[in-house]
Amino acid sequence: MKVVLQNLTKIFPSRDKKSGQEVIAVNDFNFEIPDGKLVGLLGPSGCGKSTTLYMICGLQKPSGGKIFFGEDDVTELSTENRGIGLVFQNYALYPHMTVKQNIMFPLQNLKGKDKLTKEEMFDRTLNAAKLVQIDELLDRKPSELSGGQQQRVAIARALVKMPRVLLLDEPLSNLDARLRLQTREEIRRIQRETGITTVFVTHDQEEAMSISDIIVVMKLGVVQQIGAPQSVYDDPKNLFVAKFLGTPPINVLEGKVSGGKIYIGDEAVLEVTNVDDQDIYIGIRPEGIEPNENGVLTCNLSSVEVMGRDSSVISTHPASLNPIVRAIINSDIRIDTSAQTIKYNIKPHKFFIFNKETEERIYYEVK
Ligand code: ADP
Ligand code: MG
């Protein structure tokens with residue numbers, strides 16, 4: 001089932017009497033979520049992710065725009081009639097019910113032609129439990145389960161009605177690091193097996209990058225960029241997206257374009273065509289700079305952190321906006337840590353420049 005968001009907007013009235021400033025939580029969101037894909041809605045806290053999700057499921061009414069499931073306009077449809085499965089950060093299980101009763105619960109309210117027999121309900125419950133691999137735990141109470149198991153029950157409960165669309169709002173945030181990894185792989189597997197169109201909300205870029213077919217990066221209610229995770233990482237449209245994706249984060253420096261050359265400080269680091277003279281921000285991925293004694297960029301060497309396969313070379317530069325400039329290199333490469341400075345060469349495809357006012361990407365060609 002494809003999901004179409006058309007000029008979707010949500011404005012909350014002001015809560016601050018003094019300023020009277022209303023909040024545009026979601027601003028003119030347009031996107032067609034392809035059938036069967038997992039879309040990661042990604043952005044910092046408060047950027048409008050949950051509000052978008054709540055409008056898709058009908059818990060919030062849009063201030064403007066429309067939502068379609070397939071060809072059906074569901075904008076005015078109640079949550080119960082949209083055919084969605086919802087999973088939240090806190091698992092919200094009924095504590096007095098067993099796992100089986102929790103999963104079965106949504107089926108017991110089905111009416112009319114949708115009404116199921118006891119056997120049908122149990123079959124569906126067992127299938128959903130098997131899918132999330134908790135069929136051994138059906139007689140336990142939620143308090144007898146780990147956080148990861150509780151979240152699996154919540155996912156099974158969302159799946160048992162065979163929803164047209166699955167919506168997950170930060171479903172892994174309450175889990176510890178290892179369970180988070182494991183559960184996100186589970187969600188990916190379940191989504192692939194069922195082929196249910198899924199929207200997964202998270203503020204964690206690594207989580208979104210690893211799980212999604214498509215990511216949507218949001219900032220202050222406005223969609224910044226939509227694309228396959230790797231393509232957004234490789235080709236960010238603006239400085240915000242470049243900074244938001246990637247661990248460790250992108251290096252950001254001030255620089256300028258002058259006479260067809262990009263300068264950092266007084267070093268010309270790249271010759272380009274088609275760019276006017278101007279001050280710029282420069283983003284360089286940590287894997288985009290390589291130590292080289294004849295390198296074009298000179299930094300002050302601080303330290304080298306060897307971490308198994310890779311090393312992080314930590315240095316500083318007066319033009320850097322981050323406290324450090326970090327290079328990730330193969331740990332076989334030895335760095336003389338007694339040196340004061342280190343010179344780097346630059347990989348142009350890991351090197352982005354941005355307009356200093358708008359912070360939009362400036363596209364250049366290497367000369
Ligand atoms: P996210 O899920 O990305 O953290 P939300 O969608 O929850 O962000 O919130 C987006 C913006 O809308 C925030 O500025 C938030 O304070 C505001 N907001 C959310 N819900 C309400 C509400 N019920 N009333 C007023 N403002 C709200
Ligand atoms: Mg939220």
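## Packing of helices H4 and H5

Helix H4 and helix H5 (residues 177-194) pack at an angle of about 20°, and their axes lie 11 Å apart; axes are lines fitted to C-alpha atoms, for helices over the stretch in contact, with angles running from 0 to 180 degrees between N-to-C directions. The two helices are therefore roughly parallel to each other, a term for angles under 35 degrees. Helices (H or I, at least four residues) and strands (E, at least two) are DSSP runs, numbered from the N terminus.

In H4, Gly148, Arg152, Ile155 and Leu159 meet Leu179, Gln182, Glu186, Ile187 and Ile190 of H5, contact meaning heavy atoms within 4.5 Å. By class, this contact comprises five nonpolar, two polar and two charged residues.

## Basis of the model

The model is predicted: local features need pLDDT of at least 70, side-chain atom pairs count only at pLDDT 80 or more, and totals for chains, interfaces and linings use all residues. Residues are numbered from 1 along each chain as its sequence is written, and side-chain values use heavy atoms, with hydrogens and water left out.

## Buried residues of helix H2

Helix H2 (residues 99-108) has Val99, Asn102, Ile103, Met104, Pro106 and Leu107 as its buried residues, that is, under 20% relative accessible area with a 1.4 Å probe and protein chains only. These residues pack against helix H3 (118-131) and helix H4 (147-159).

## The seven-stranded sheet

Seven strands form an open sheet in the order S21-S20-S14-S11-S12-S13-S22, with antiparallel pairing; two strands pair if DSSP finds at least two bridges between them. Strands S21 (361-362) and S22 (365-366) stand at the edges, each with a single partner strand, so one side of each has no neighbour in the sheet.

Strand S20 (residues 351-355) pairs with S21 in the antiparallel sense over two bridges. Ile362 in S21 is the bridge partner of Ile353.

Note on methods. Chains lettered and ligands numbered in written order. Buried < 20%, exposed > 50% of the residue type's maximum accessible area, 1.4 Å probe, protein only. Parallel < 35°, antiparallel > 145°, perpendicular 65-115°, else oblique. Nonpolar A, V, L, I, M, F, W, Y, C, P; charged D, E, K, R; others polar.
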